[in-house]
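The sequence and the structure come first.

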Amino acid sequence: MKCVNAATLLPDHLLKEIQQYIQGEALYIPTCPSKRRKWGESSGAAGYYRVRNQEIRKGFREGAHMDQLCEQYGLSIDSIRKIVYAKNPQS
């Protein structure tokens, strides 16, 4: 995390207002929730895993054995079970 001097960044009136609450301490200001991205949105990983898991569930429904799915997707039997038997799978 990068430290920034508030005096160089904030207007004087806002700096004085903040100094009424805290002086000479480090202050963390979180990002706005609406601007924060969910895991994997930037890199595309979330979409990749969603599609992969849908394919695994479809293969299982169509009769593929878990051992076959393990080999095909390079996952452990426990991972395949979690994907196949998830109560609320992501679409």
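With which side chain does the side chain of Asn 53 make a polar contact? The partner is the side chain of Arg 52, at 2.9 Å. A polar contact is a pair of N or O atoms within 3.5 Å; within protein, one must be able to donate a hydrogen and the other to accept it, and residues adjacent in sequence count only if both atoms are side-chain atoms.

## Basis of the values

This is a predicted model, in which local features need pLDDT of at least 70 and side-chain atom pairs count only at pLDDT 80 or more, while totals for chains, interfaces and linings use all residues. Residues are numbered from 1 along each chain as its sequence is written, and side-chain values use heavy atoms, with hydrogens and water left out.

## Asn 53 and the cysteines

Asn 53 belongs to helix H3, residues 45-61. Helices (H or I, at least four residues) and strands (E, at least two) are DSSP runs, numbered from the N terminus. Asn 53 counts as buried because its relative accessibility is 16%; buried means under 20% relative accessible area, exposed over 50% and partly exposed in between, with a 1.4 Å probe and protein chains only.

Cys 70 is also classed as buried, at 13% relative accessibility, whereas Cys 3 is exposed at 74%. Zero disulfides turn up in a search of the whole structure, a disulfide being a pair of cysteine sulfur atoms within 2.5 Å.

## The salt bridge

One salt bridge is present in the structure. The term covers a side-chain nitrogen of Lys or Arg within 4 Å of a carboxyl oxygen of Asp or Glu. Here the side chains of Asp 78 and Arg 81 meet, at 3.3 Å from N to O. Side chains of opposite charge can pair when their charged atoms come close.

Both residues lie in helix H5 (residues 77-84), and because they are three residues apart there, about one helical turn separates Asp 78 from Arg 81. Asp 78 is partly exposed, with a relative accessible area of 45%, and Arg 81 is likewise partly exposed, at 39%.

## The largest pocket

The largest pocket holds about 630 Å³ of space. On a 1 Å grid over the protein atoms alone, a pocket is an open set of points where a 1.4 Å probe fits, with protein on both sides within 12 Å along at least five of seven lines; lining residues have an atom within 4 Å of a point. Its volume is the space filled by probe spheres set on the points.

Its lining has 20 residues, and Val 4, Ala 6, Glu 25, Ala 26 and Leu 27 lie nearest the centre. Helix H1 (6-9) and helix H2 (12-19) each contribute at least two lining residues.

## Two loop residues

Ile 29 sits in the loop between H2 and H3 and is exposed, with a relative accessible area of 64%.

His 65 is in the loop between H3 and helix H4 (66-73) and is exposed at 56%.
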